[in-house]
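Subject: The structure you asked about

Hi,

Here is the structure I promised to pass on. Have a look at it first, then read my notes below.

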Amino acid sequence: MAEVVSFRKDPSKAGEGALVLRQFSDGILRLTFNNPPAHALSIAVMETLMGELQNAAKDTAVRVVVIASTGNVFSAGHDLKELTAHRADPDDGVAFFEETFALAADLMLEIIRLPKPVIAEIEGLATAAGCQLVASCDLAICTDNATFCTPGVNIGLFCSTPMVAVTRAAHRKQAMEMLLTGETIDASTAKDFGLVNRIVPRQYLTQVVTKYASVIASKSPLTLKIGKEAFYRQLDMPVEEAYSYAAQVMVDNMLTADAEEGIGAFLAKRMPEWTGE
């Protein structure tokens, strides 16, 4: 049974229903959006997910995080009704808009900085900030009927913050195609663009994601932490600097107990026993 969690700002609203369903088993933390039909990334939803990720970072039992959704939409992005309602504020909504987009940026950075791998499990549509979330995850696996888009240009609001994640996941010209046209792309095109790793039939989605998560969860948690941090740090370095940095990471990694254990186990043809040290 899934454990229901909510980190709403206003505790009096907690009875309106859970924003995220939480399931944990065998080192895998599954966080499922539960605010259908659009699974919009409102302030409350983003705070909920942020809180869960921050807790996962500190929980040594969590090895891998999966972000999924109920229904036929992964996430339609920011809650446009919530944003529009704040145009009536004395400052025309400026403070709320700043809070919303800053929180979204913090959420995406939290995924990148999380010392555990994060897998997006996508069923249906991932649009705007929902597409940004997919692009921010370390891995993304979708169904063959999943679709993706950055449609802000269609409503006069360029997808500038989704652009940051999408341009780092997709090839540059393909990212610009999505951002400039606002058109929806199918799963196959998303894979060609570099937004997703795998496409699977709908009935096997959770099974395949769990298999990937289980394989990753079986690795040394310290090694995964070292590797994920190094991956993102070296991306924007000049190649010479990247090699210098990565070489030092390898040296530091070699000095860990898990590396000694892993290499020893490989040479002895036995299974390693990780200590996370």
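A salt bridge here is a side-chain nitrogen of Lys or Arg within 4 Å of a carboxyl oxygen of Asp or Glu. Before I use that, two words on where things come from. This is a predicted model, so local features need pLDDT of at least 70 and side-chain atom pairs count only at pLDDT 80 or more, while totals for chains, interfaces and linings use all residues. Residues are numbered from 1 along each chain as its sequence is written, and side-chain values use heavy atoms, with hydrogens and water left out.

Let's start with the overall layout. The chain splits into domain 1 (20-218) and domain 2 (221-268), with bounds from an automatic or database domain assignment. Their contact (heavy atoms within 4.5 Å) takes 12 residues from domain 1 and 5 residues from domain 2. The C-alpha centres of the two domains are 28 Å apart.

How much area do domain 1 and domain 2 bury between them? It's about 690 Å², with 58% of it on carbon and sulfur atoms. (Buried area is the accessible area, with a 1.4 Å probe, that two parts lose on being put together, summed over both.) On the domain 1 side, Arg63, Ile112 and Pro115 supply 53% of the area buried against domain 2, more than any other three residues.

Now the charges. Side chains of opposite charge can pair when their charged atoms come close. The structure holds 6 salt bridges, and 1 salt bridge is found across the interface of domain 1 and domain 2.

One of the pairs to look up is arginine 22 with glutamate 52, where the closest N and O atoms are 3.0 Å apart. Arginine 22 sits in strand β2 (residues 20-25) and glutamate 52 in helix α1 (residues 43-58), 30 residues apart. (Helices are DSSP runs of H or I, at least four residues, and strands are runs of E, at least two, numbered from the N terminus.) Both residues are buried, meaning under 20% relative accessible area with a 1.4 Å probe and protein chains only; exposed is over 50%, and partly exposed is in between.

Another pair is glutamate 121 and arginine 30, at 2.8 Å from N to O. Glutamate 121 lies in strand β6 (residues 118-122) and arginine 30 in strand β3 (residues 28-33), so this pair ties together parts 91 residues apart in sequence. Glutamate 121 counts as buried at 6% relative accessibility, and arginine 30 counts as buried at 11%.

Happy browsing!
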